[in-house]
Amino acid sequence: MQKHFITFLFLLIGGSLFSQTGTIKGRVFNHKNNEPVPFVNIIIDGKPTQGATSDIEGKYIINKVTPGYARLVATSVGFKKFTSNDFLVTNSKTTDLDIGLDEQVTTLAQVEIKPNVVERNEEVPVSLQKLTIQEIERSPGSNRDISKVIQSLPGVASSPSFRNDVIVRGGGPGENRFYLDGVEIPYLNHFSTQGSSGGPVGIINVDFIREVQLYSSAFPTTRGNALSSVMELRQVDGNREKFGGRVSVGSSDFALTLNGPVTKNSSMIFSVRRSYLQLLFSALKLPFLPTYSDYQFKYKIDFDKRNQLSVISIGALDKNKLNTGISNPDGFQKYILQSLPVNDQWSYVFGLVYRHFRAKGYDTWVLSRNMLNNDQIKYTNNVEVPDSLQFKYNSQEIENKLRYEGLTDLVKWKITYGAGLEYARYTNKTFQKVYIADSVVPDSIFTLNYNSRLEMWKWNVFAQVNRAFFNDRLNLNLGIRMDANNYSANMNNLLKQFSPRFSASYAFVPDKFFLNFNIGRYYQLPAYTSLGFRSNSGILVNEALGIKYISADHVVLGLEYQPKPNAKISLEGFYKYYRNYPFSIKDSVALASKGSDFGSVGDEPLLPISKGRAYGFEVLLRNADLYKFNVIMTYTFVRSEFTNYAGVYIPSAWDNRHLINVTVGRKFKHNWEIGAKWRYAGGQPYTPWDMEKSGLVTAWDAQGKGYLNYSKFNTLRLTSFNQLDIRVDKGFFFKKWSLMFYLDIQNVLNFQAQQPDLLVNTQEDGSMVTYVENGQKRYKLRTIKNSAGTVLPAIGIMVDF
């Protein structure tokens, strides 16, 4: 048997070395009107002798392509040079790649083939980073999770916890917006924190993704309601030649992706994913047992060369229950079992994107609907009887959106304009025990019990113009946006949310050295959890308190140097100034520092009085071929502060100060690839426990865990965090199928960040230890170390067919 196994392994590996090749085909078209562009020279990056020329219909085909990741470069007189994102070529199916070219006034002498993997965006010269599918797939320590991959970009913070909170340039996790092929998806993660953006596992299946763009400032006017970042996720189209798919088995889930033609002019791609963490966590005797499932779908049809329609949908189903069957739980297990609620959550997004091409531009209509349902329940000591109920929560968010975007391209002038209309419905049924202590009532429980329903209309208009001067050396961009809604008189006037923005870029040395600048004002509506919060009598509490749009002023100045087409060095300084940030009356802190825990955030009384500032600088060094290594190095210095009740600036929860990321990867012969990523983050501020309040039996029993001492908010800091991740990839390419596997080891150095948790001492029979002090019954408390971080190996297998 051993002999047969060795023979099979030899044949498997040896088969991958045979001269199997793939095919790339597609269509070259004018980006502004979808007209075919003939006689375009197309080559494979790094292989100038292998390529093709588009025919009279713009079609091209490149045969005998070596399997693996590739990139195309297309050049033609009268058009800007095009460099594609990375894409995977296999010999089991043809790779479809359509190429959209932008017009340019030029001459034949100016056309030169120089592949550029760090292409500039004229409309957004600053604060824009791109990730290709290869960087997402091969990112060490990310396990093919986009939310983790972006943590290696400049300005994006990472933490020792297992959550995927998106923290950009010192802003809170609720200040970001995400778009999938132009359709907004409110939540990016499973088990999402309602009112924020974080969660432990990403929803997006990277088998769909061709490119990710992250704007950390200079947001396009078409994208509103964001203060810190906008993420654009662009999907691949289904294969129009034949059916195929991928089976993926990872460390936490199983996925099946299918794609292929539907009709001559249409294609689809569909995937489902299911986790098996519940079985794994149960075997490891972890105190919580999560299970998640999701689907993703795209259908695209070209009615003719002027009209196309895409149907986009994504959804998730998440369930988390407690492992109460653990015998003799340790301190960590007890803490989780006492504090974590049972949580069921589901969500979906469905959208239609219709595009009509004109002679000098195109019109895009986006119609979408998204919904989130969030259920949580918690009993004292997990004893499910009515008297033990601490917390019960059911909430739904529903949004119906219509957006129009028009683009007119006059070669030197590019004009974007449009408007949007949204209808939203929010419901919330909450039962919660709240501990109260003041001079009148020294020690009592108040029951928050309300049923909220909120319906509102939102509308917006926007425009943007871009113009190049002095032979394209100076590029100017001016945009305006206005948002409003009918929630209250504070928000129903478009002019009150007038959002101008201006960008400029000047090339001191063409294609080499640039000075970039942006200034703008951006607005964001507070979360529905805040807008729909009611008192027991039914009053919209935060409407009465004058809640309004949050604003942030951005200023960015940067230098950029491109020593060669595949390398970039940049320095950017940034400053953000916040106004009208919701301020927690209960805790006397800005809501910006919340949102990194599970459940929901913002459903409490709030005043629009907090101010904030986040400032610093970023350094980026990127070289796609440094001694055959692909190297990305970033350093970010960031300060993040918000005012307290006295108007004094104090550090927010995201005041890391120093962020360093180094990612290195290299391809080897026979489809081997090795990568490593090292991250460093300065210690995050945190708040000590309020031992006096937490020890009171009445207080502890109200929520089953301790209380933070907000009078000493963020006065302590964790130790600095660093993590080394390593990944090895190997691919086997056969005639009709491909096999790829990876080994990913997170936290190789086994770094552990310590943050204390609070527990009640128990006796041998499990009962809590109590005593009486000054006439008050108290629990005897102890702190335990919460060691976030461990060596985490993962193996993944992907089969393409």
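I start with a charge and a ring: Arg 223 lies over the face of Tyr 179, at 4.3 Å from the ring centre. A charge is said to sit over a ring if NZ of Lys or CZ of Arg is within 6 Å of the ring centre and within 35 degrees of the ring normal. A further case is Lys 730, whose charged end sits over the ring of Phe 732, 4.8 Å from its centre.

Before going further, a word on the basis of these values. This is a predicted model, in which local features need pLDDT of at least 70 and side-chain atom pairs count only at pLDDT 80 or more, while totals for chains, interfaces and linings use all residues. Residues are numbered from 1 along each chain as its sequence is written, and side-chain values use heavy atoms, with hydrogens and water left out.

I turn now to the aromatic rings. A pair of aromatic rings is described by the distance of the centres and the angle of the planes. Rings of Phe, Tyr and Trp (its six-membered ring) pair if their centres lie within 6.5 Å; planes under 30 degrees apart count as stacked, over 60 as edge-to-face and the rest as tilted. The whole structure contains 26 aromatic pairs. One of them joins Phe 617 and Tyr 635: the ring centres are 5.8 Å apart and the planes stand at 55°, so the pair is tilted. Because Phe 617 lies in strand β35 (residues 606-626) and Tyr 635 in strand β36 (residues 629-643), the pair ties together parts that are 18 residues apart in sequence. Strands, like helices, are DSSP runs numbered from the N terminus (helices are H or I, at least four residues; strands are E, at least two).

Buried means under 20% relative accessible area, exposed over 50%, and partly exposed in between, with a 1.4 Å probe and protein chains only.

Another pair is formed by Trp 672 and Phe 741, with ring centres 6.4 Å apart and planes at 90°, so this pair is edge-to-face. Trp 672 belongs to strand β39 (residues 672-681) and Phe 741 to strand β43 (residues 738-746), so the pair ties together parts that are 69 residues apart in sequence. Trp 672 counts as partly exposed at 36% relative accessibility, and Phe 741 as partly exposed at 28%. Elsewhere, ring pairs link Trp 365, Tyr 404 and Tyr 417 into a cluster.

Next come the strands. Strands of a sheet pair through backbone hydrogen bonds, either parallel or antiparallel. Two strands are taken to pair if DSSP finds at least two bridges between them.

What do β20 and β21 form? They form a hairpin with 3 residues between them. Antiparallel strands β20 (residues 244-249) and β21 (residues 253-263) are joined by 6 bridges, with Leu 258 in β21 as the bridge partner of Gly 245. Strand β21 also runs antiparallel to β22 (residues 266-275), to which 10 bridges join it. Here Ala 255 stands opposite Arg 273 in β22, and β21 and β22 form a hairpin with 2 residues between them.

Helix α5 (residues 331-339) is mostly covered, with 7 of its 9 residues buried. Among them are Tyr 335, Ile 336 and Leu 337.

I close with two loop residues. Thr 94 is placed in the loop between β8 (87-89) and β9 (95-96) and is buried, with a relative accessible area of 13%. The side chains of Thr 94 and Glu 241 are joined by a polar contact of 2.8 Å. A polar contact is a pair of N or O atoms within 3.5 Å; within protein, one must be able to donate a hydrogen and the other to accept it, and residues adjacent in sequence count only if both atoms are side-chain atoms. Ala 359, in the loop between β25 (342-358) and β26 (361-379), counts as exposed at 53% relative accessibility.
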